[in-house]
Amino acid sequence: MSDEHDRPEFGPSGYLPPRAAKRARKIVLRAPLGLQWVVGSLVVGAVVVVAGVLWLTGDDTPGEPWVALGPVSEVGPASHEPGLDLLLTANGRVRAFADAGEKRLDYCPASRRIESADGGVWSLTGRGLGGHESLEEHPTLVRDGVLYVDPTRTSSGPPPDDEPVEPACAT
């Protein structure tokens with residue numbers, strides 16, 4: 001029998017091993033890859049490295065409307081930010097509540113709550129206690145130990161708790 005009849009009518013000879021040709025389940029590349037594959041992989045690797053360096057060394061401080069308030073370590077349980085009329089509390093995370101108007105919020109160390117001169121009481125998360133409305137919260141962000149707040153936006157606080165609560169501090 002001649003060698004012509006054993007060869008398939010498609011593809012180069014020796015492209016598939018005899019068992020794979022019968023079952024047609026796998027393809028084995030027998031030709032070496034060209035120089036374009038080496039150059040292409042080097043170019044893609046260089047692009048990934050440059051993008052990674054730019055991302056890691058970029059400035060990650062937030063822009064407008066975020067305002068830097070200083071080191072987050074100086075917040076304590078609660079502190080006032082008079083320039084923005086904010087009360088900052090730190091209880092697991094830093095929160096910023098609007099402190100404008102007649103409320104004049106203050107932190108009460110005896111009860112570990114926020115209280116106002118008119119007898120209002122709130123938890124450190126801003127939840128209104130004793131029938132008071134919950135406090136609106138400004139978004140906060142910490143980058144490299146510096147606290148930032150967005151004074152232009154607020155979100156509503158958690159649902160208030162109607163159970164009666166007496167203020168613990170004389171304000």
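## A buried glutamate

E137 is buried: its relative accessible area is 10%. The cut-off for buried is under 20%, so E137 falls within that class. The model described here is predicted. E137 sits in strand β9, while R95 sits in strand β4. These two residues are 42 residues apart, so to speak of E137 and R95 is to speak of distant parts of the chain.

E137 and R95 form a salt bridge. Their closest N and O atoms are 3.3 Å apart. R95 is buried too, with a relative accessible area of 16%.

Which side chain does R93 meet in a salt bridge? The partner is E137, and the N to O distance is 2.4 Å. This pair also links distant parts of the chain, 44 residues apart. R93 lies in the loop between β3 (86–90) and β4 (94–98). E137 belongs to strand β9, residues 137–138.

Is R93 buried or partly exposed? R93 is partly exposed, with a relative accessible area of 42%.

## The remaining salt bridge

How many salt bridges does the count come to? The count is three. One of them joins D150 to R153. The closest N and O atoms of D150 and R153 are 2.8 Å apart.

The two partners can be described by their accessibility. D150 is buried, at a relative accessible area of 2%. R153 is partly exposed, at 44% relative accessibility.

Strands β2, β3, β4 and β9 form an open sheet. Their order is β2-β3-β4-β9, and the pairing is antiparallel. Which strands stand at the edges? They are β2 (78–81) and β9, each of which pairs on one side only.

Now look inside this sheet. β3 and β4 run antiparallel, and five bridges join them. Opposite T89 stands R95 in β4. R95 is also a salt-bridge partner of E137.

## Another four-stranded sheet

Four strands, β5, β6, β7 and β8, form an open sheet. The order is β5-β6-β7-β8, with antiparallel pairing. At the edges stand β5 (106–108) and β8 (128–129). Each edge strand has a single partner strand, so one side of each is left without a neighbour in the sheet.

How many bridges join strand β6 to strand β7? Two bridges do so, and the strands run antiparallel. Strand β6 covers residues 113–115, and strand β7 covers residues 121–122. I114 stands opposite W122, a residue of β7.

## A nonpolar patch on the surface

Turn to the surface. L35, V38, V39, L42, V43 and V47 form a nonpolar patch there. Together they have about 580 Å² of accessible area.

Where is V43 placed? V43 is in helix α3, residues 35–57. V43 is partly exposed, with a relative accessible area of 49%. Exposed means over 50%, so V43 counts as partly exposed instead.

How values were computed:
Residues are numbered from 1 along each chain as its sequence is written. This is a predicted model: local features need pLDDT of at least 70, side-chain atom pairs count only at pLDDT 80 or more; totals for chains, interfaces and linings use all residues. Side-chain values use heavy atoms; hydrogens and water are left out. A salt bridge is a side-chain nitrogen of Lys or Arg within 4 Å of a carboxyl oxygen of Asp or Glu. Buried means under 20% relative accessible area, exposed over 50%, partly exposed in between (1.4 Å probe, protein chains only). Patches are made of residues with over 30% relative accessible area and no salt bridge: like charges are joined within 9 Å, nonpolar side chains (Val, Leu, Ile, Met, Phe, Trp, Tyr) within 5 Å. Accessible areas come from the Shrake-Rupley method with a 1.4 Å probe; for residues, only the protein chains shown count as cover. Two strands pair if DSSP finds at least two bridges between them.
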